[in-house]
Amino acid sequence: MRIAITGTPGVGKTTVSKVLGNKFGIKVIDITEAVKKHKLYTEKDEEMDSYVIDFEKLENFIKEIEEKEKVIILDGHVSHLLNPDYTIVLRCNPEIIKERLEKRGYKPKKVLENIQAEILDVCLCESKGKIYEIDTTGRDVEDIVSEIIEAIKNKKERKGIVDWTEKYFDYLTLEIR
Ligand SMILES: Nc1ncnc2c1ncn2[C@@H]1O[C@H](COP(=O)(O)OP(=O)(O)O)[C@@H](O)[C@H]1O
């Protein structure tokens with residue numbers, strides 16, 4: 001079983017995935033790390049400091065792990081594209097994401113692009129199948145993880161719970177060269 005923990009960079013995927021994985025001894029695959037470490041990419045985008053993922057290589061990499069692990073957590077902002085059985089879409093207030101990504105040292109253009117993706121529900125819109133959306137704003141990790149466990153146990157589905165457009169529309173008209 002593949003559980004995808006997806007959402008805009010900075011929304012808390014890795015933090016939540018680690019706590020969830022530790023609680024149940026479930027293997028967590030950090031997609032970004034795996035892509036870098038195992039060269040599961042076709043090229044590197046120097047300007048955006050990101051990699052163009054080779055999804056066929058990544059799928060084979062995951063399949064190999066699945067030979068030993070019944071359940072895996074896919075932690076990453078493209079995990080919803082990796083044929084998950086269940087997708088948890090984490091959401092967070094764009095201002096909080098902005099702070100986190102600036103602290104992470106992202107370039108202003110990359111910060112803005114990710115804030116815009118959060119406002120436009122990009123990960124949620126791209127997700128298919130069983131989806132459960134959670135607004136993590138102001139919540140501690142244990143609380144978020146408890147809700148995820150309860151949702152998976154009860155096969156809950158939920159989406160469309162946040163709308164940042166009204167309050168943060170101005171970010172969509174911004175442009176950084
Ligand atoms: N629920 C939370 N409450 C407070 N801080 C959080 C929470 N979740 C994540 N963070 C912090 O936000 C930053 C980004 O979290 P991370 O898990 O790396 O996000 P992602 O994997 O989505 O990029 C980290 O500094 C982390 O400690």
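Mentor: The second largest pocket has a lining made of Met1, Ile3, Leu20, Phe24, Ile26, Val71, Ile149, Ile152 and Lys153. Two helices, H1 (13-24) and H7 (141-153), are the elements that give two or more residues to this lining. H7 makes the greatest contribution, with three residues. (Helices, of type H or I and at least four residues long, and strands E, at least two long, are DSSP runs numbered from the N terminus.) By class, eight of the lining residues are nonpolar, none is polar and one is charged; Asp, Glu, Lys and Arg count as charged, Ala, Val, Leu, Ile, Met, Phe, Trp, Tyr, Cys and Pro as nonpolar, and the others, including Gly, as polar. The space in this pocket amounts to about 170 Å³.

The model is predicted: local features require pLDDT of at least 70 and side-chain atom pairs pLDDT 80 or more, while totals for chains, interfaces and linings take in all residues. Residue numbers start from 1 along each chain as its sequence is written, and side-chain values rest on heavy atoms, with hydrogens and water left out.

Rolling a probe the size of a water molecule over the atoms shows where empty space is left. On a 1 Å grid over the protein atoms alone, a pocket is an open set of points with protein on both sides within 12 Å along at least five of seven lines, a cavity is a set where a 1.4 Å probe fits but cannot get out, and lining residues have an atom within 4 Å of a point. Volume is the space filled by probe spheres set on the points, which are joined across faces, edges and corners.

The largest pocket holds about 1200 Å³ of space. Its lining has 41 residues, and those nearest its centre are Pro9, Thr32, His77, Tyr106 and Lys110. Two or more residues of that lining come from each of H1, helix H2 (31-37), E3, E4, H5 and H6, with H2 giving the largest share at five residues. In the largest pocket, the lining is divided into 15 nonpolar, 11 polar and 15 charged residues.

Two of these contributors, strand E3 (residues 41-45) and strand E4 (residues 50-53), pair in the antiparallel sense over four bridges; strands pair if DSSP finds at least two bridges between them. Lysine 44 has tyrosine 51 in E4 as its bridge partner. Four residues separate E3 and E4 in this hairpin, and in the turn aspartate 49 has a positive phi of about 50°.

Gly7, Thr8, Val89, Leu90, Arg91, Ala117, Glu118, Asp121, Val122, Cys123 and Leu124 line it. At least two residues of this lining come from each of strand E6 (86-91), helix H5 (108-119) and helix H6 (122-126). In the lining of the largest cavity, six residues are nonpolar, two polar and three charged.

Threonine 8, one of the lining residues of the largest cavity, sits in the loop between strand E1 (2-6) and H1. Threonine 8 counts as buried because its relative accessibility is 4%, where buried means a relative accessible area under 20%, exposed over 50% and partly exposed in between (1.4 Å probe, protein chains only). Apart from residues up to four places away in sequence, threonine 8 touches Lys13, Ile97, Asn114, Ala117, Glu118 and Cys123, where contact means heavy atoms within 4.5 Å. Aspartate 121, also in the cavity lining, belongs to the loop between H5 and H6. Its phi is near 55°, a positive value in a residue other than glycine.

Within E6 lies threonine 87, which is buried at 0% relative accessibility. Leaving aside neighbours within four places in sequence, threonine 87 is in contact with Ala4, Thr6, His80, Ser127, Lys128, Lys130, Ile131 and Tyr132. From threonine 87 to leucine 172 the C-alpha separation is 26 Å, for 85 residues in sequence. Asparagine 83 lies in the loop between strand E5 (72-75) and E6. At 54% relative accessible area, asparagine 83 is exposed, and its phi is near 50°, again positive in a residue other than glycine.

E5 itself is covered on both faces: Ile72 and Leu74 on one side, and Ile73 and Asp75 on the other, are all buried. E1 and E5 run parallel and are joined by four bridges, with arginine 2 opposite isoleucine 72 in E5. Strand E2 (residues 27-30) also pairs with E5 in the parallel sense, over four bridges. There, aspartate 30 has aspartate 75 in E5 as its bridge partner.
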